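Here are a few notes for your first look at this model. Please read them with the structure open beside you.

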Amino acid sequence: MVGVDIVDVSRIEKLETQKLATRILSKQEQEYLNKKSNLTNGKPSEYIYSLAGFWAAKEAFLKAIGVGIDTDNLNQIEILHKASGEPYVKINDKLFKKYSILNGKSIHISISHDANMAISVCFIV
Ligand SMILES: CC(C)(COP(=O)(O)OP(=O)(O)OC[C@H]1O[C@@H](n2cnc3c(N)ncnc32)[C@H](O)[C@@H]1OP(=O)(O)O)[C@@H](O)C(=O)NCCC(=O)NCCS
């Protein structure tokens, strides 16, 4: 199963980003995001790019499992990072039961951002 999502970073920039982060990110994701720079230098900040990347990753995951956008549960679909920076998806037991299609499968996610876009691809195999 595969899912992909692309996010227009300038669309995210126009939103109330701290409110958005609180709504869609877990505490651990917020801690990761809060370490990103807020400097803009005429282009979106690292904070905005990463927030857009989180959004893209959660949507890519939902596409891969074949459900639509599930805004109630976005902060429970956690995109965490290994020491190397590589992202991975963590799902709590409640969601794991809801998305029973995940049983016995492994989830792979990748994120990239540049030129006002954030993109994410998710494979479930
Ligand atoms: C991974 C790397 C190629 C990213 O390249 P980039 O062109 O600067 O950035 P991109 O926009 O394409 O990708 C950024 C995203 O890649 C992901 N990423 C970071 N490190 C990664 C890694 N080691 N493997 C896979 N994905 C990684 C992150 O999700 C990051 O976005 P986020 O921080 O907003 O979540 C670059 O950061 C790199 O080479 N890092 C060194 C990785 C490494 O070996 N680290 C060892 C440290 S112990």
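1. Start with a definition. A residue is buried if 20 or more other C-beta atoms lie within 10 Å of its own, exposed if 12 or fewer, and partly exposed in between. Keep in mind that this is a predicted model.

2. Apply that to Asn 116. This residue has 17 C-beta neighbours inside 10 Å, so Asn 116 counts as partly exposed. Asn 116 sits in the loop between strand 4 and strand 5. Its phi is near 65°, which is a positive value in a residue other than glycine.

3. Now look at Ala 115. The loop between strand 4 and strand 5 (117–124) holds this residue. Is Ala 115 buried or exposed? Ala 115 counts as exposed, because it has 6 C-beta neighbours inside 10 Å. Phi of Ala 115 is near 45°. That is again a positive value in a residue other than glycine.

4. Turn to the ligand. Which residues surround the ligand? They are Ser 50, Gly 53, Ala 83, Ser 84, Gly 85, Glu 86, Pro 87, Ile 111, Ser 112, His 113 and Asp 114. Two elements give two or more residues to this shell: helix 4 (46–65) and strand 4 (107–114).

5. Which element gives the most to the shell around the ligand? Strand 4 does, with four residues.

6. Six of its residues are polar, three are nonpolar and two are charged.

Methods: Residues numbered from 1 in each chain as written. Predicted model: local features only at pLDDT ≥ 70, side-chain atom pairs only at ≥ 80, totals over all residues. Near = placed C-beta within 6 Å. Nonpolar A, V, L, I, M, F, W, Y, C, P; charged D, E, K, R; others polar.
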